[in-house]
Amino acid sequence: HVQLVESGGGLVQARGSLRLSCAASGRAFSTKAMGWFRHAPGKEREFVAGIDWCGTSTSYNDFVERRFTLSRDNGKNQVYLPMNSLNPDDTAVYHCASKNIGSSAYAYWGQGTQVTISS
């Protein structure tokens with residue numbers, strides 16, 4: 001069983017930055033792919049970014065537009081998502097999630113951290 005705890009959210013002005021973190025506990029963090037998703041009020045949950053188990057491959061939704069850079073530290077069981085040039089459309093609850101190698105579904109989810117961008 002994997003437990004995920006997000007941190008780093010907050011309220012910032014447009015064009016500001018935040019750095020989200022996800023701390024994982026449980027077994028075999030280094031064997032799991034990790035992802036970030038966000039859920040804004042009145043919208044569907046959407047994929048933000050993902051990283052493979054060893055950190056060599058990342059993927060991003062088009063709206064990221066090179067503003068975010070996903071990384072992981074398997075020695076610390078942490079995933080990091082620095083976010084720059086934020087705009088009000090980025091306002092959402094951000095969740096991290098993990099999935100086993102070879103699986104298409106994210107099996108474990110954190111409670112989320114609120115990101116609010118003021119105009």
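**Salt bridges and burial**

Q: What makes the contact of R38 and D90 a salt bridge?
A: The side chains of R38 and D90 meet at 2.8 Å, N to O, and a salt bridge is a side-chain nitrogen of Lys or Arg within 4 Å of a carboxyl oxygen of Asp or Glu, so the pair qualifies. It links distant parts of the chain, with R38 in strand β4 (residues 32-39) and D90 in the loop between β8 (78-83) and β9 (92-100), 52 residues apart. The model is predicted, and local features need pLDDT of at least 70, side-chain atom pairs count only at pLDDT 80 or more, while totals for chains, interfaces and linings use all residues. Residues are numbered from 1 along each chain as its sequence is written, and side-chain values use heavy atoms, with hydrogens and water left out.

Q: Why is R38 called buried, and why does E46 count as partly exposed?
A: Buried means under 20% relative accessible area, exposed over 50%, and partly exposed in between (1.4 Å probe, protein chains only). R38 has a relative accessible area of 5% and is therefore buried, whereas E46, at 28%, counts as partly exposed.

Q: Which residues are linked in a network of salt bridges?
A: The network links R38, E46, R67 and D90. E46 bridges to R38, with the closest N and O atoms 2.8 Å apart, and R67 bridges to D90, where the closest N and O atoms are 2.7 Å apart.

Definitions and conventions. Helix = DSSP H or I, 4+ residues; strand = E, 2+ residues; numbered from the N terminus.
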